[in-house]
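The following paragraphs lead the reader through one protein chain, from its overall composition to individual residues. Please keep the sequence and the model in view while reading.

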Amino acid sequence: GVGYALAPRHRLYANIGTGFETPTTAELANPQGGGFNPGLKAMRARNIELGVKGETARLRYDAVLFDVRVADDFVSFERPGEPGRSFYRNIDTRRQGVELGLDWRLRPEWSVGVGYTYNRARFDGGGNLPGIPRQHLFLELAYDTSRHYAAVDLLAVARIHADDANSAAAPGHALINARAGLRRPLDGLQAEVFAGVRNLFDRDYISNVRPNAAFE
């Protein structure tokens with residue numbers, strides 16, 4: 001990794017990394033019968049990042065471009081007649097995109113947070129990787145003091161493909177969440193009482209996608 005100071009509190013950076021991951025015992029389950037899957041290889045990855053980050057008195061930001069190539073990635077699937085049991089195969093994949101983060105202090109007690117990811121995750125031979133949304137957005141407005149706090153946030157997720165052929169997908173969704181709490185000193189300690197509501201407006205959405213499920 002290398003970095004270059006554009007200014008005292010602003011930096012341009014680049015990282016290159018490699019890694020590998022061996023299959024776990026569960027991932028080595030043999031789809032042809034008992035024992036381990038002799039054809040499943042270790043996954044090998046190469047990651048490149050180029051980004052810029054910094055802060056001022058009221059603002060922090062981070063923006064990064066990424067390119068991840070994975071040889072022999074693990075992709076799950078199910079066999080007909082065995083729903084709920086996952087097996088794995090190897091395939092080369094690539095993920096390219098951008099991640100953006102922003103924390104803006106409007107006033108000492110008020111802040112706005114933003115997080116956005118665009119991830120073009122695809123098989124090397126074409127087609128989108130199942131289980132990974134193309135876009136992910138998080139917005140938050142927060143009020144925070146030494147004695148109490150409250151926040152409301154929006155979480156938006158693009159549609160998620162459910163199989164390698166991209167023939168089925170869970171639709172995208174957006175949820176509003178809220179939380180609030182009180183802080184008080186208690187015998188030299190800090191006591192806190194809080195409550196939160198996820199999916200404030202009771203939207204129907206699919207929260208879990210099992211790639212290449214047998215649908216039985």
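The model is a predicted one, in which local features need pLDDT of at least 70 and side-chain atom pairs count only at pLDDT 80 or more, while totals for chains, interfaces and linings use all residues. Residues are numbered from 1 along each chain as its sequence is written, and side-chain values use heavy atoms, with hydrogens and water left out.

The secondary structure comprises 0 helices and 12 strands. These elements are DSSP runs numbered from the N terminus: helices are H or I with at least four residues, and strands are E with at least two. The radius of gyration, taken over C-alpha atoms, is compared here with a globule rule of 2.2 Å times the number of residues to the power 0.38. For this chain the radius is 22 Å, well over the 17 Å that the rule gives for 216 residues, so the chain is more spread out than a compact globule. Along the principal axes, the C-alpha atoms fill a box of roughly 60 × 45 × 35 Å. The chain exposes about 13,400 Å², of which carbon and sulfur atoms supply 57%; such areas come from the Shrake-Rupley method with a 1.4 Å probe, and for residues only the protein chains shown count as cover. Of the contacts (heavy atoms within 4.5 Å) with a separation of 6 or more, 53% are accounted for by residues 24 or more positions apart.

How are the strands arranged? An open sheet is formed by 10 strands in the order S1-S2-S3-S4-S5-S6-S7-S8-S11-S12, with antiparallel pairing. Two strands pair if DSSP finds at least two bridges between them. The edges are strand S1 (2-7) and strand S12 (189-197), each of which pairs on one side only. From one strand to the next, the twist averages 15°, with axes taken as lines fitted to C-alpha atoms (for helices over the stretch in contact) and angles running from 0 to 180 degrees between N-to-C directions.

Within the sheet, strand S6 (residues 110-123) and strand S7 (residues 135-144) are joined in the antiparallel sense over 9 bridges; Tyr118 has Gln135 in S7 as its bridge partner. S11 pairs in turn with S12 over 9 antiparallel bridges, where Arg179 has Gly196 as its partner in S12. S11 and S12 form a hairpin with 2 residues between them, and Asp187 in the turn has a positive phi of about 50°.

Beyond its neighbours within four places in sequence, Asn177 is in contact with residues including Ala151, Leu155 and Val197.

Arg107, in strand S5 (residues 87-107), is exposed, with a relative accessible area of 53%. Arg107 and Arg58 are 49 residues apart in sequence, and their C-alpha atoms are 8.2 Å apart in space.

Key:
Buried means under 20% relative accessible area, exposed over 50%, partly exposed in between (1.4 Å probe, protein chains only).
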